[in-house]
Amino acid sequence: MATEAGFDPRPPAARTGRPVPELDPALVERWRCDGGELVELLALVRERHGGVAAFRLGPSPTVLVTDPGAVRHVLALRPDRYVKRSHRARLLIGDGVLAATGEAWKSQRRLLQSQFTGTGMRRHERRIAEAARVTAERWAAYARTGQPLDIGLEMRRFALDTIWRSLTGHPLDDDTDRELGAVAAVVAAMPTLPADTADARDAVATDLARIDAVAHRAIAAARAGEAGPDGPGLLHLLIGAAGERPEYTDRLIRDELITLLVAGHETTATTLTWLYLLLDRHPGARDEALAAGAPGSAERRRAVQALVHETLRLYPSAWILPRYAAEADVMAGYAVEAGSDVVVCPYLTHRDPELWPDPEGFDPRRFTTPDGRPTHPGAYLPFGIGPRACLGLQFALRESTVLLEQLLPAHVPAFRSVPAKAAYSITVRPDGPTPATLT
């Protein structure tokens with residue numbers, strides 16, 4: 001039987017850390033032959049070698065990081081050494097803030113950051129509340145008539161309506177909703193697209209053309225002064241920036257619009273869908289949240305937020321965070337060579353039994369009871385941590401909470417079927433439809 005080896009990627013004179021333990025290549029080959037998901041390989045690496053370990057899918061090792069201290073080291077303490085090179089969704093979002101790097105990223109993030117914190121968030125409150133009200137009315141009609149619905153599609157419609165209002169100032173209309181179905185099609189296709197960029201673009205060219213058409217219409221409308229019933233949206237901010245910053249070309253405005261659109265609805269819709277599937281298996285968690293306080297009370301709001309946080313623990317918005325070691329480093333005592341690929345995996349950190357008792361169980365009380373969750377900043381990171389943490393954290397939590405405060409007391413979905421497994425792409429999403437009726 002082959003022995004599992006360690007590798008020290010740095011020359012002897014430069015070694016200041018011990019070698020990173022590496023998974024036996026025979027186990028990697030066995031995984032390849034079985035056709036497993038990448039997450040299964042990563043879980044095997046962590047199981048065999050702990051929170052900093054390596055594996056090879058090519059000639060060079062990839063370092064997997066799940067230990068909270070090492071996670072914080074990579075994402076928060078040394079982001080200048082562990083950098084993003086290219087986002088998996090660049091085909092869709094272009095040079096938007098998620099994919100941008102270096103000085104371009106810093107400039108784009110500075111422009112947007114104030115829009116998702118403090119006063120900026122207050123501008124979104126009315127739009128979030130209105131999108132939730134529209135969804136609640138639609139669900140009330142489903143309940144009266146007994147008409148079936150798909151929970152995943154409903155959550156997508158709500159989240160897309162919310163971000164569309166915040167971007168353009170207008171509610172989402174049916175035609176735009178249909179056309180933006182192309183976003184979900186491209187996201188779902190990404191794991192199976194060809195490695196060659198041109199071939200990948202050709203494979204989804206029709207969907208990309210539909211998305212571009214929606215973006216260009218929205219940009220033209222904003223330029224024409226169509227601010228919407230609640231005033232101008234984030235798109236108007238981007239167009240205004242073009243007057244002072246020449247880098248904000250029509251292409252970059254399009255890329256930023258689509259980036260905010262994808263990031264602003266895909267993750268929220270997925271989280272809410274998982275939450276309803278989890279409540280179907282754990283109905284007592286819904287009852288506990290509603291019993292925590294009166295409607296509108298701070299106690300109930302905290303309990304509802306705990307439902308969201310526990311869902312995000314099991315299915316984090318960013319389940320995997322790839323980085324590139326721009327220079328040699330010592331991480332948690334291990335030597336990391338310059339040029340190494342490094343993968344942070346919140347999905348596995350959140351399921352570490354040394355950090356989270358009964359890690360596979362759904363227990364929102366982790367987020368409402370003292371000492372219910374680990375305090376290390378690298379132990380819970382559904383939106384990442386550090387300077388590249390998700391801009392929309394507060395936005396996503398707020399819209400999820402507002403919607404659930406309306407829907408949870410009124411309706412309990414009865415699922416006709418549930419997906420048998422998860423699909424691991426940009427997000428971790430249920431791999432299949434979620435048909436239900438409302439009781």
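Analyst: Let me start with a pair of residues in a sheet: Thr 62 stands opposite Asp 341 in strand 10. Strand 4 and strand 10 (residues 341-344) run parallel and are joined by four bridges; two strands pair if DSSP finds at least two bridges between them, and helices (H or I, at least four residues) and strands (E, at least two) are DSSP runs, numbered from the N terminus. This is a predicted model, in which local features need pLDDT of at least 70 and side-chain atom pairs count only at pLDDT 80 or more, while totals for chains, interfaces and linings use all residues. Residues are numbered from 1 along each chain as its sequence is written, and side-chain values use heavy atoms, with hydrogens and water left out.

User: In what order do the strands of that open sheet come?

Analyst: The order is 3-4-10-7-5, so written for five strands with mixed pairing. The edges are strand 3 (52-56) and strand 5 (82-83), each of which pairs on one side only.

User: And how do strand 3 and strand 4 run, parallel or antiparallel?

Analyst: They run antiparallel, with five bridges joining strand 3 to strand 4 (residues 61-65), and Ala 54 stands opposite Val 63 in strand 4. Helix 2 (residues 38-49) packs on the sheet, where it touches strand 3 and strand 4, and its direction makes about 130° with that of strand 3; contact here means heavy atoms within 4.5 Å, and angles run from 0 to 180 degrees between N-to-C directions, with axes being lines fitted to C-alpha atoms, for helices over the stretch in contact.

User: What does strand 7 pair with?

Analyst: Strand 7 (residues 321-325) pairs with strand 10 in the antiparallel sense over four bridges, and the bridge partner of Leu 321 in strand 10 is Val 344.

User: Changing topic, at what angle do helix 7 and helix 8 pack?

Analyst: Helix 7 (residues 125-145) and helix 8 (residues 151-168) pack at about 150°, with their axes 8 Å apart. That makes helix 7 roughly antiparallel to helix 8, given that angles under 35 degrees count as roughly parallel, over 145 as roughly antiparallel, 65 to 115 as roughly perpendicular and the rest as oblique. Among the residues making the contact are Trp 139 and Tyr 142 of helix 7 and Met 155 and Phe 158 of helix 8.

User: What kinds of residues are in that contact?

Analyst: The contact of helix 7 with helix 8 divides into nine nonpolar, three polar and seven charged residues, where Ala, Val, Leu, Ile, Met, Phe, Trp, Tyr, Cys and Pro count as nonpolar, Asp, Glu, Lys and Arg as charged, and the others, Gly among them, as polar.

User: Which residue does Arg 157 form a salt bridge with?

Analyst: Its partner is Asp 174, and the closest N and O atoms of the two are 3.3 Å apart; a salt bridge is a side-chain nitrogen of Lys or Arg within 4 Å of a carboxyl oxygen of Asp or Glu. Because Arg 157 lies in helix 8 and Asp 174 in helix 9 (residues 174-179), the pair ties together parts that are 17 residues apart in sequence. A search of the whole structure finds 28 salt bridges.

User: Which strands does helix 7 touch?

Analyst: Helix 7 touches strand 6, strand 11 and strand 14, and its direction makes about 80° with that of strand 14. These strands belong to an open sheet of three, in the order 6-14-11 with antiparallel pairing.
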